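This report goes through one protein chain from its overall build down to single residues. Keep the sequence and the 3D view at hand while reading.

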Amino acid sequence: MYWSRTLIPTSREVPADADILSHQLMVRAGLVRRLSAGIYDWLPLGWRAMRKICGIMRQEMARVDAEEIQMPAILPAELWKQTGRYFDYGPLLFKLKDRKDTEMILGPTHEEIVTELVKACVSSHKQLPLALYQIQQKFRDEARPRSGLLRVREFIMKDAYSFHSSVESLGKTYHDMFNAYVRIFKRCGVTAIPVEAESGPIGGDASHEFICPCAAGEDLIARSEDGSYAANLERADRQLPADAGFPIPGADVAAQLQRVHTPGAASMEQVCKFLHAAPQNMIKTLVFARSEADGGGFVVACVRGDHEVNEAKLRRLVGPVQLADDATARAAGFVIGFVGPHVVNHTGAQLVIDPDALAIVTAVTGANEADYHVTNFNWINHLEAQHRGKAQVADIRNVVEGDKSPGGSRLTLDKGIELGHVFKLGTKYSQALGAVYLDDKQQSQPMIMGCYGIGPGRIIVAALETLSDKDGIVWPVNIAPFEVLITPIRYEGQAKTVADELHAQLAARGVDVLLDDRDQRPGVKFKDGDLIGIPLRIVLGEKGLATGQVELKRRTSATPEMLPLENLADRLVALIGQMRPQV
């Protein structure tokens with residue numbers, strides 16, 4: 001490919017709306033162009049990188065016997081209503097109606113659709129296991145698209161789905177897919193740490209995320225210093241003290257509950273400032289509600305003032321709950337913003353206490369009255385015995401830096417970008433949609449499922465965020481738009497002849513090569529070459545050619561080296577082979 005014949009709109013200016021490095025570089029290097037909020041055109045360089053990532057994914061899916069299909073992007077809403085995800089996804093769904101007023105959605109993911117497909121085509125255990133995948137656009141109506149390709153409304157995903165007649169079969173495919181993902185990320189040249197994860201609206205009983213540690217990431221991962229444990233923040237557990245729970249040693253303190261007027265102080269920061277109290281001596285109390293379908297009622301969750309309730313942990317403990325809205329909570333007797341644990345004395349709500357909150361002997365907390373808090377709250381003296389007896393003491397908070405992992409090693413927290421996610425779905429979708437098979441006894445059984453997703457656009461983001469330098473992109477060779485950039489100082493005379501011949505020789509050997517044939521100053525060519533980040537650059541100058549030599553500049557090296565012109569194409573092909581990760 002010749003530079004003058006393709007579209008590479010490089011820019012020296014940093015885009016005003018680009019708040020992270022990868023977004024800046026993608027625009028400046030001409031990989032993408034923003035059409036509207038969260039919607040991007042893919043330009044030739046970016047699309048070449050995307051196609052290479054997709055090619056690697058196709059190769060690795062073939063290694064685990066997954067077959068590629070293509071499902072529609074416009075989906076009947078009725079299938080999503082049958083599984084409940086129409087309501088779980090809520091405003092994230094793009095919704096539309098056809099001319100017959102049938103409600104449709106633009107697919108954010110395809111569990112329902114692939115389940116309906118397999119339900120129609122598979123009837124016997126002899127047809128299982130089965131693994132299918134697609135690489136396709138997905139749509140999510142993000143409220144605040146941001147950070148370039150990290151939070152967008154339209155994106156590409158490789159989503160795979162597996163169907164099984166036994167848990168053991170699912171386990172084997174899950175293991176195979178997990179390892180396939182490890183190979184994909186390694187071949188793409190990006191770091192991806194597998195961590196335990198929550199399944200979220202996808203559902204299922206086990207999942208792992210693959211996270212690239214990165215300051216621009218939106219996810220937090222907890223890792224033990226000894227390397228034995230890693231989980232995302234939603235899933236991360238910690239080691240609890242052996243005596244966590246009632247009775248509390250030394251907690252029976254005869255202190256009078258003091259009611260203090262705290263006008264306008266509803267947040268933790270405001271209360272601490274008003275009462276000159278430390279968050280570690282406060283109890284934060286949140287009210288959660290069960291839907292009528294789940295039996296109704298309320299759950300009161302208590303954590304220490306400097307901690308945050310982990311809603312995923314709470315749901316695993318007590319079942320489906322949501323943070324209670326203000327009107328519903330007030331109607332039931334809760335004064336939101338001023339709730340204290342002793343509210344259960346008169347509301348009968350279920351009480352769940354984090355061990356760190358339980359360890360506070362005399363605490364500051366809400367008075368269950370607008371604009372009032374109490375000091376000297378004590379679990380023994382101020383919580384009625386019947387409610388202490390029913391209270392659950394459990395880990396319901398987010399881990400923090402310095403907590404101990406389940407294995408006892410110190411936990412650290414790092415930001416990261418989620419690149420992929422694998423799930424054991426179980427029978428959530430097959431039961432909801434009636435996807436069954438006949439076992440060897442001719443009995444009908446729901447299919448057991450798994451699903452496995454990767455965002456190739458996020459792989460590009462991870463590469464740009466973690467591998468770039470002050471001059472621009474540094475592509476891993478396997479996903480670089482081009483592997484070799486030929487840069488004649490002047491595209492004329494002998495330099496033009498040699499450049500054209502080398503371009504043809506490399507292309508004939510299957511190398512992706514770009515020839516900078518523009519009539520530009522050398523400095524402009526070199527700056528653009530560094531910006532777009534091609535791994536190898538061959539510079540053709542008069543002095544070098546006069547002695548039968550060319551300059552090789554590796555994108556990762558500060559200094560160039562000289563190579564003989566003789567057998568140059570063969571040398572470059574061999575060098576590219578050496579640069580590829582061994583998997």
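How many helices and strands does the secondary structure of the chain come to? The count is 19 helices and 29 strands. The model is a predicted one. Along its principal axes, the C-alpha trace spans about 95 × 65 × 50 Å. The chain has 583 residues, and 51% of them count as buried. Contacts between residues at least 6 apart in sequence can be sorted by how far apart the partners are, and 71% of these contacts join residues at least 24 apart.

**Two helices in contact**

Two packed helices are described by the angle between their axes and the distance between the axes. Helix H2 (residues 44-63) and helix H15 (residues 456-467) give an example: their axes come within 9 Å and cross at roughly 115°. The crossing of H2 with H15 is right-handed. On the H2 side the contact is made by Gly46, Ala49, Met50, Ile53, Cys54 and Met57, and on the H15 side by Pro456, Gly457, Ile459 and Ile460.

**Aromatic rings**

A search of the whole structure finds 10 aromatic pairs. Trp42 has a relative accessible area of 24%, so Trp42 is partly exposed. Trp47 is also partly exposed, with a relative accessible area of 36%.

Tyr181 and Phe185 form another aromatic pair, an edge-to-face one, with 6.3 Å from centre to centre and 85° between the planes. Where do Tyr181 and Phe185 lie, and what separates them? They are 4 residues apart in helix H6 (residues 167-188), so about one helical turn separates them. Tyr181 and Phe185 are both buried. They also belong to one aromatic cluster, together with Phe178 and Phe210.

Arg5 lies over the face of Tyr2, 4.3 Å from the ring centre. In the case of Trp80, the charged end of Arg85 sits over the ring, at 4.3 Å from its centre.

**Backbone details**

Leu128 and Pro129 are joined by a cis peptide bond, with omega at about 5°. Pro129 is in the loop between helix H5 (111-121) and strand E7 (130-139).

Which phi value does Asn368 have? Asn368 is not a glycine, yet its phi is positive, at about 60°. Asn368 is placed in strand E18 (residues 363-369). Asp371 is another residue other than glycine with a positive phi, here near 65°. Asp371 is in the loop between E18 and strand E19 (372-377).

| Residue | Relative accessible area | Class |
|---|---|---|
| His387 | His387: 10% | His387: buried |
| Asn368 | Asn368: 17% | Asn368: buried |
| Asp371 | Asp371: 29% | Asp371: partly exposed |
| Gly402 | Gly402: 35% | Gly402: partly exposed |

Why does Asn368 count as buried? Its relative accessible area is 17%, and buried means under 20%. Asp371 has a relative accessible area of 29%, so Asp371 is partly exposed.

His387 lies in helix H13 (residues 385-390). Leaving aside residues up to four places away in sequence, His387 touches Val344, Asn345 and Gly348.

Gly402 is found in the loop between strand E20 (392-393) and strand E21 (411-426). Which residues does Gly402 touch, not counting residues up to four places away in sequence? They are Arg410 and Leu411. Gly402 and Asp88 are 314 residues apart in sequence, and their C-alpha atoms are 34 Å apart in space.

Technical notes. Residues numbered from 1 in each chain as written. Predicted model: local features only at pLDDT ≥ 70, side-chain atom pairs only at ≥ 80, totals over all residues. Heavy atoms only, no water. Phe/Tyr/Trp six-rings, centres within 6.5 Å; stacked < 30°, edge-to-face > 60°. Buried < 20%, exposed > 50% of the residue type's maximum accessible area, 1.4 Å probe, protein only. Helix = DSSP H or I, 4+ residues; strand = E, 2+ residues; numbered from the N terminus. Lys NZ or Arg CZ within 6 Å of the ring centre and 35° of its normal. Axes fitted to C-alpha atoms, helices over the stretch in contact; angles between N-to-C directions. Left-handed = near helix turned anticlockwise from the far one by under 90°. Contact = heavy atoms within 4.5 Å.
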